[in-house]
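Hello,

Here is the structure we talked about. Please open it first, then read the notes below it.

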Amino acid sequence: MKKYNFNAGPSILPREVIENTAKQILDFNGSGLSLMEISHRAADFKPVVDEAMALIKELLDIPEGYSVVFLGGGASLQFMQIPANFLIHKAAYLNTGTWAKKAQKEAKLFGDVVEVASSADANYTFVPKNFDIPTDADYLHITTNNTIYGTEIRKELDSPIPMIADMSSDIMSRPVDVSKYTAIYAGAQKNMSMAGVTVIIVKDDMLGKAPRQLPTMIDYRTHVEKGSMFNTPPVVPIYTLLETMRWVKAQGGVKEMDRRAHERADILYGEIDRNKLFRGTVKEEDRSLMNICFVMNDEYKDLEKPFLDYAMANGMVGIKGHRSVGGFRASCYNAQTVEGVNALVDLMKNFERQH
Ligand SMILES: *Cc1c(COP(=O)(O)O)cnc(C)c1O
C-alpha cells in the first residue's frame, strides 16, 4: 500500500532527493568511497557546501552582508546561541508556542527578556497582534511557524527593531524579506533536509557586539570565517540539503513552494470546515499552511481513535496530533503532494459517510 508521510519532523523529502543521496552514500562522485566515509575536507566535498550555501542565498534572495552557516545541535541549540551572540542589553520575545517559549527561557540566561505578547492562556490557538515592541531591545524574536499548535506568521511582521526568527518549520516555503532580520535559523529536518544540520543566516555586521566572552564553538564568527568547516560538519545531512535545494530551484523556487502550500492547505482546511465530523483548532486567520491541526467535533469525540486507526490502516503516516493539542496534525511541508492531501481528504469523506 502506498504510504503518505504527514510526519511533523523529521518529515517528507522529495523521492529524488532520497534516491540521489542514497547513490552518493554508496559511491560518492565515482570515487569508490561512500559519502559517509570521505573527509569533510576532501576536494570534492567543498563544492557541496559551497553550492548548498549559494543555493540558499539565491532561493531566499539573501542580500549582501549576510552569511549562511551549517551547524549541528538542532534549532534547540540556537535557543541559547542566538542570545549569546546577539543579546546586548535586552531582547523581546513573542510567545506563540512551545518552541517560542523554550527560546525565551534560554535567552533569560543572557540578559533582560521582555515577553511582548503571549497566547499561552488560549493554548496557543492564535498569534497575538498589535503588541508593543520595545524600541530599545536588541531584537524581536519570533517563531514564524508553530509546528505543534498549527499557527503561522506567514506575512512579514512590521517591527521597529531587527528581528530574529526560528523558521524551522516554514523556511523555504515562501519568500522572506531577509533584510528585516539579524538572524534566521532552522533545524533542517522539516523543510530542507534530513535531521542533523541546522541552517543559520546571520547578518555579518551584527556579530561580535555582545558584551561577553563566547566559547569558540558558540561564536558564529568561528563558523562564518571557516565556511562552516571549523570542525567536522554533518556531511550527509548537508549533502541531502544540497539535493533538496536543487529540487526547490528546479520546481520554481520559493514562490512556487508558496503556491503549492496554499493549494494543499486550501484543499485540507476546506474539507475540515465542510465535514461535519471535524473542526480546525486555531483561529482561521492564523492557520498554518505547514502543520494543519484538527480535532473531532465535540459530538463525535469518541470517533477520534477509530478515525486514526482507519487513516493509518489506509496508508496515512504521522497524522496523530501532538499530545498538547490532541486530535490530528497533517504536516504539509514542501515535498507533500496534492495527491497525498487528496488521499487524506477522501478518507475523511468516506469516514463521514460511515457515521
Ligand atoms: C522542530 C522545531 C524545533 C526543534 O528543533 P530541533 O532541531 O529538534 O532542536 C524548534 N523550533 C521549531 C519551530 C520547530 O519546529
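The crossing of helix α1 and helix α6 is right-handed (the near helix is turned clockwise from the far one by less than a right angle; left-handed is anticlockwise). This is a predicted model, in which local features need pLDDT of at least 70 and side-chain atom pairs 80 or more, while totals for chains, interfaces and linings use all residues. Residues are numbered from 1 along each chain as its sequence is written, and side-chain values use heavy atoms, without hydrogens and water.

Helices here are DSSP runs (H or I, at least four residues), numbered from the N terminus. The axes of α1 (residues 15-26) and α6 come within 9 Å and cross at roughly 140 degrees. Axes are lines fitted to C-alpha atoms over the stretch in contact, with angles from 0 to 180 degrees between N-to-C directions.

The crossing of α2 and α6 is left-handed.

The largest nonpolar core has 56 residues, and I56 and F70 have the most contacts inside it. Such a core is a set of buried Ala, Val, Leu, Ile, Met, Phe, Trp, Tyr and Cys residues joined through side-chain atoms within 4.5 Å, where buried means under 20% relative accessible area with a 1.4 Å probe, protein chains only. Helix α6 gives the most to this core, with 9 residues.

Regards

How values were computed:
Helices (H or I, at least four residues) and strands (E, at least two) are DSSP runs, numbered from the N terminus. Buried means under 20% relative accessible area, exposed over 50%, partly exposed in between (1.4 Å probe, protein chains only).
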